Amino acid sequence: MAALIPNRQLFIDGEWREPIKKNRIPIINPATEEIIGNIPAATAEDADVAVGAARKALFRNGGKDWASATGAHRAKYLRAIAAKITERKSEFAKLEAIDSGKPLEEAAWDIDDVAGCFEYHAELAEALDSKQKTPISLPMETFKCHVLREPLGVIGLITPWNYPLLMATWKVAPALAAGCTAVLKPSELASITCLELGEVCKEVGLPPGVLNILTGLGPEAGAPLASHPHVDKIAFTGSNATGVKIMTAAAQLVKPVTLELGGKSPIVVFEDVDLDKAAEWSLFGCFWTNGQICSATSRLIVHESIAAEFLDKLVKWCKNIKISDPLEEGCRLGPVVSSGQYEKIMKFISTAKDEGATILCGGERPQHLKKGYFVEPAIITDVKTSMQIWREEVFGPVLCVKTFKTEDEAIELANDTHYGLAAAVLSQDLERCERMTKAFQAGIVWVNCSQPCFSQAPWGGKKRSGFGRELGEMGLNNYLNVKQVTQYVSDDPWGWYKSPSKL
């Protein structure tokens, strides 16, 4: 499997460049715990070179090469990138699976989404052309006004390991569609496919410096990028603690940020559901991507009248999930990404038990897998709202459960969290679903499902889940500056001051 891993350098100014300090970081396959390759480890010096390349690309030829080119011109590159990724789908999916631990079929789905996201943003780039010089109606006929949409500038993109290439694409595609140039810093825990995006950019002839890719550790590569004076905006997806650091660094320069900082999302199940359908959505909402999803609906709030029967269903469904090496056919749960993540999840489970919760099923290493960072999906009951397992993001396959009597009680339980990324409701009563949708304090609501996501729909949260939106037209707007242009069109003088010639 090691032969699959391309040996790459940093991607800066359209070329592969060795890190200035020549350091590298080992790649560990989470399914086998074996070192299967390595990635370059960038430092502040490399970040400075990459930002310089992005800035040069932004202003090259007066901006005509990229920033002030037509959206249609940029769209051609985005579509070419999409086509190359589709062409290499099988290879990319395997790299993603062995790097992050996600099941191969799921990784392949992600790569389809990557190509689709570039295609969609190509359409948005083209649509920008018709929106330029949009007229603004004014109350005075002596003035005309229009709006220009211009790229914000050089963007720092810092992305997580749970959807390595897809989360990067959520930021790269709109930034490039808007005419920005960018420096991408993916997580050191899963960077392989992000580096391969650099090779794709070379193959399609993306102008040098438009996209630069730095792999490395957060404090050594991400922090210098976030605080760099020539980076005009930071877009970050990751932990709340890191988000606070990035926002603090950006504040020193009054630099805009978009933050998506995870969550502790609820899924409310009412008594009128089809139990099997509801069981599958409840498990999918928490265990998809090996439970490592920022939007995981990991707090199950189920009506007390069906709780016993529903939990029995959940356990049966749970025990039917195939846990295996991600490349094995039919795998539905692979390993978590690293030994550190494995230990963190196990600590959450043991703490829940110590606090008096019941581990209804799972929560241990599968007996048939002696190597790898595998965790049997856990369902935890007898949970109190004060417990760590109910309040904090686990980022692993752990579902905790509480019951409710009334709709108002369900709403109170759902919203009792510092986070506000997503929420789900399962019920055949659509009026009730609408009431719940309005009551949820979240940026995303799923009705009779959990976790579907589309490039066309805005994504983001509220409260400590961050702010700003990705995807959809709102996501593109994050990378645009709106410039008001107002023109005086009358032949008459303004007449506010007396003319000296008439004195």
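For accessibility I call a residue buried under 20% relative accessible area, exposed over 50% and partly exposed in between (1.4 Å probe, protein chains only). This is a predicted model, where local features need pLDDT of at least 70, side-chain atom pairs count only at pLDDT 80 or more, and totals for chains, interfaces and linings use all residues. Residues are numbered from 1 along each chain as its sequence is written, and side-chain values use heavy atoms, with hydrogens and water left out.

Salt bridges came first. I counted a side-chain nitrogen of Lys or Arg within 4 Å of a carboxyl oxygen of Asp or Glu, and the whole structure gave 29 salt bridges.

I looked up Lys22, which is exposed at 54%. Its salt-bridge partner is Glu18, at 3.4 Å, N to O, and Glu18 is partly exposed at 44%.

I then checked Lys483 and Glu150, a salt bridge at 3.1 Å, N to O. Lys483 lies in strand E22 (residues 480-488) and Glu150 in strand E6 (residues 143-151), so the pair ties together parts 333 residues apart in sequence. Strands here are DSSP runs of E, at least two residues, and helices are runs of H or I, at least four, numbered from the N terminus.

Next was strand E11 (residues 257-260). Val257 and Leu259 point one way, Thr258 and Glu260 the other, and all are buried. Strands pair if DSSP finds at least two bridges between them. E11 runs parallel to E10 (residues 233-237), with 4 bridges, and antiparallel to E21 (residues 466-467), with 2 bridges.
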